[in-house]
Amino acid sequence: MPSCVMYNCKSRYGNPGLEYSLFSFPNENRKEREIWIRFVQADRRHEEWLPSAATKLCSKHFRREDITYGPTGRPALRKGAVPYPIYIVSSLLSRSPSQGCL
Ligand SMILES: [Zn+2]
């Protein structure tokens with residue numbers, strides 16, 4: 001079962017009544033990949049953490065305006081989208097209240 005990599009996030013694909021989408025990390029040649037990685041590192045307090053090909057972040061950690069819906073209704077991230085709130089990246093010590101955006 002795929003699930004969100006964020007430590008305190010309970011989003012799991014297919015949860016009844018909850019609409020979450022899971023997004024893969026950007027390719028290695030994209031500069032925002034580093035920000036995604038730092039976002040998770042900050043969350044897990046683990047500075048050596050690195051994503052695998054299967055690692056995913058759920059839509060809860062992105063701004064709504066960064067999520068687009070194609071003709072099929074399938075959600076996708078805008079190019080260059082980074083997780084939100086981004087301030088937890090620069091503040092490794094304060095746990096961010098990442099709830100409340102849905
Ligand atoms: Zn999540």
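In α1, the buried residues (those with 20 or more other C-beta atoms within 10 Å of their own, the C-beta atoms being placed from the backbone) are Trp36, Phe39, Val40, Ala42 and Asp43. Because they cover an arc of only 160 degrees around the axis, they lie on the same side of α1, the arc being that of the directions from the helix axis to the C-beta atoms. An α-helix has 3.6 residues a turn, so residues three or four places apart point the same way. The helix α1 itself has 13 residues and reaches 19 Å from its first C-alpha to its last, close to the 18 Å expected at 1.5 Å a residue, where the expected span is 1.5 Å times one less than the number of residues.

This is a predicted model, in which local features need pLDDT of at least 70 and side-chain atom pairs count only at pLDDT 80 or more, while totals for chains, interfaces and linings use all residues. Residues are numbered from 1 along each chain as its sequence is written.

The protein comprises 2 helices and 4 strands, arranged along the sequence as β-α-β-β-β-α; helices (H or I, at least four residues) and strands (E, at least two) are DSSP runs, numbered from the N terminus. Of the 102 residues in the protein, 21% are buried.

Leaving aside neighbours within four places in sequence, Trp36 is in contact (C-beta atoms, placed from the backbone, within 7 Å) with Phe25, Pro26, Leu57, Val82 and Pro83. Among contacts between residues at least 6 apart in sequence, 53% join residues at least 24 apart.

Just after α1, Arg45 takes a positive phi of about 55 degrees, although Arg45 is not a glycine. Most residues other than glycine have a negative phi. Arg45 sits in the loop between α1 and β2 and, because it has 11 C-beta neighbours inside 10 Å, counts as exposed, a class that requires 12 or fewer.

As for confidence, the average pLDDT (the predictor's confidence in each residue, from 0 to 100) is 81, and 74% of the residues score at least 70. Over residues 92–96 pLDDT stays under 50, and for these residues the model has 4 contacts beyond four places in sequence.

Technical notes. Contact = placed C-beta atoms within 7 Å.
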